[in-house]
Protein chains: 2
Amino acid sequence: MTADLRVALGDSTLVVLAIPSQYLRGVARRAAGCWPRGGAVLSAAKGLELRTQRRMSQIITEELGGVRVAVLSGPNIASEIAQGHPASSVVASRDPRLAVRFQRLFMTGRLRVYTSRDVVGVELGGALKNPLAIAAGIADGLGFGFNAKAAIMTRGVAEMARLGAAMGANARTFSGLSGLGDLITTCLGGRNRWFGEQIGRGRSMGAILRSTPMVIEGVQTTKAAVALGHQQGVELPIIEQVYAVLFRKRPPRAAFASLMRRAGRSESS
Amino acid sequence: MTADLRVALGDSTLVVLAIPSQYLRGVARRAAGCWPRGGAVLSAAKGLELRTQRRMSQIITEELGGVRVAVLSGPNIASEIAQGHPASSVVASRDPRLAVRFQRLFMTGRLRVYTSRDVVGVELGGALKNPLAIAAGIADGLGFGFNAKAAIMTRGVAEMARLGAAMGANARTFSGLSGLGDLITTCLGGRNRWFGEQIGRGRSMGAILRSTPMVIEGVQTTKAAVALGHQQGVELPIIEQVYAVLFRKRPPRAAFASLMRRAGRSESS
């Protein structure tokens, strides 16, 4: 255990970077000066850099040059893994051998690790699930039932997939562990769902955020996702309504009514 | 309101058949003799005929000849819809105009109806979600957390999609409202999940079934799904473990251990 980056890195061949998303760039920049030759990275952070909307692996590549990168994501509540409950996760890399190498390192009888080549999709799922979990929480706070929550989660996966596909991801990745899977845990037990529930009950965002020491990642990710949707020309009906509720004073019930009033369409569109 | 089939059918142009899956063939056969000319069907039943493993629309076509058929499925707990909570559903038909016709009839400010052309996929999702909800319930009963439940649901969607694709469905349908969406409501509040939880706690299937007047559809569907998997040569790791627990006295914890011990693989396989 050390706080000295040079000592921590040493001459490692595999480096796990588990650094909160808004601090990753600074640490990666400092690490560039003492990076071990040929050392590959596994990034375990979820989120987007707010200022640039960059994914974590993009930041790593920008700051550490041509380093080989893999990313880890999935429905992984840390305390459950620490208790030895079964869990599963995905390691994605454009270098399939690197993904398999990390898969073998992390796989145990209680943690099942799948590989993927879709770095963009795996990273986006871990970020975009948070605004959707806020939407599911708002439905809970309004007293709606399981039908409404299931609809938000299901159409939310379609919404992530549309934005992801426009950004170069494989749409199917969002039906996997890093998209749907992580969305489910977040909608069952996460703090973003809890935050949405408070909003749905009529509390103000400021009052909720002042009442808890927790960071609600989805608040900022909602802004980033709306910006990405505009850039890519992709409609994000659910996330745009979350944005309107949080930043445009739209009443939650009116936001849901707008979602229900949209023109009828085919499920595949 | 009438119990006379001939009076009920009259000269209707659109007929909704909401008949429990094991009784549909008998009613359809009796209806054939007084079927209104050109009358199209919307089937609202979920499930497979146990003896033949046929889907509901197949039975209707077999018994009513060339009648035009659409099917309705999705995350639709009836009591929530009766209370006016928002919900969404899918109408699938090979005849796109018939699907749109039923969509317009059923769509309100509180029930959002999507169309689909994938009859096979929409029908299979409503049936196969039940064995998967039993698996999720078993995880609950064993005291596992949200990570394990999310993994079962996510890999369960992949499992439904593999079997469905072999049977002519579009794999993507299973990530929609009639697959994933219905699986979510069933895993949040359904009786199949409850049944699985009792199994996970160590109660015997016989004792549980004797203690409730409810029909646990997933018990029989597990048998039908395993038979379909064998016919199609498709591996169904989760449903096969549910089968082993229910019908082969495999302890639930051992069934989960088997799932975790499978060889490492790519998420897309």
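**Close-up 1. A:D182 sits in helix α8 of chain A in this predicted model.** The helix covers residues 177-189. A:D182 counts as buried because its relative accessibility is 2%, and the cut-off for buried is under 20%. The side chain of A:D182 makes a polar contact with the side chain of A:K129, at 3.4 Å. Leaving out residues up to four places away in sequence, A:D182 touches A:K46, A:S73, A:G74, A:P75, A:G126, A:K129 and A:L177.

**Close-up 2. Five strands of chain B form an open sheet.** The strand order is β1-β2-β3-β4-β5. The pairing is mixed. Strands of a sheet pair through backbone hydrogen bonds, either parallel or antiparallel. At the edges lie β1 (14-17) and β5 (111-116) of chain B, and each pairs on one side only. From one strand to the next, the twist averages 25°.

**Close-up 3. Strands β2 and β3 of chain B run parallel.** Strand β2 spans residues 40-43, and β3 spans residues 69-73. Three bridges join the two strands. Look for B:L42: its bridge partner in β3(B) is B:A70. Helix α8 (residues 177-189) of chain B packs on the sheet. This helix touches β3, β4 (87-93) and β5 of chain B. The direction of α8 makes about 145° with that of β4(B).

**Close-up 4. Helix α11 of chain B runs from residue 217 to residue 232.** Its 16 residues should span 22 Å at 1.5 Å a residue, and the end C-alpha atoms are 22 Å apart, so the two values agree. The buried residues of α11(B) include B:G218, B:V219, B:T221 and B:T222. What do the buried residues of α11(B) pack against? They pack against α6 (119-141), α7 (146-166), α9 (191-200), α10 (205-210) and α12 of chain B. Just after the helix, B:G233 takes a positive phi of about 65°.

**Close-up 5. B:Q241 belongs to helix α12 of chain B.** This helix covers residues 237-247. Is B:Q241 buried or exposed? B:Q241 is buried, because its relative accessible area is 18% and the cut-off is under 20%. Setting aside neighbours within four places in sequence, B:Q241 is in contact with B:R250, B:A255, B:S258 and B:L259. B:T222 is 19 residues from B:Q241 along the chain. The C-alpha atoms of these two residues are separated by 9.8 Å.

Technical notes. Residues are numbered from 1 along each chain as its sequence is written. Chains are lettered from A and ligands numbered from 1 in the order in which they are written. This is a predicted model: local features need pLDDT of at least 70, side-chain atom pairs count only at pLDDT 80 or more; totals for chains, interfaces and linings use all residues. Side-chain values use heavy atoms; hydrogens and water are left out. Two strands pair if DSSP finds at least two bridges between them. Helices (H or I, at least four residues) and strands (E, at least two) are DSSP runs, numbered from the N terminus. Axes are lines fitted to C-alpha atoms, for helices over the stretch in contact, and angles run from 0 to 180 degrees between N-to-C directions. Contact means heavy atoms within 4.5 Å. Buried means under 20% relative accessible area, exposed over 50%, partly exposed in between (1.4 Å probe, protein chains only). A polar contact is a pair of N or O atoms within 3.5 Å; within protein, one must be able to donate a hydrogen and the other to accept it, and residues adjacent in sequence count only if both atoms are side-chain atoms. The expected span of a helix is 1.5 Å times one less than its number of residues.
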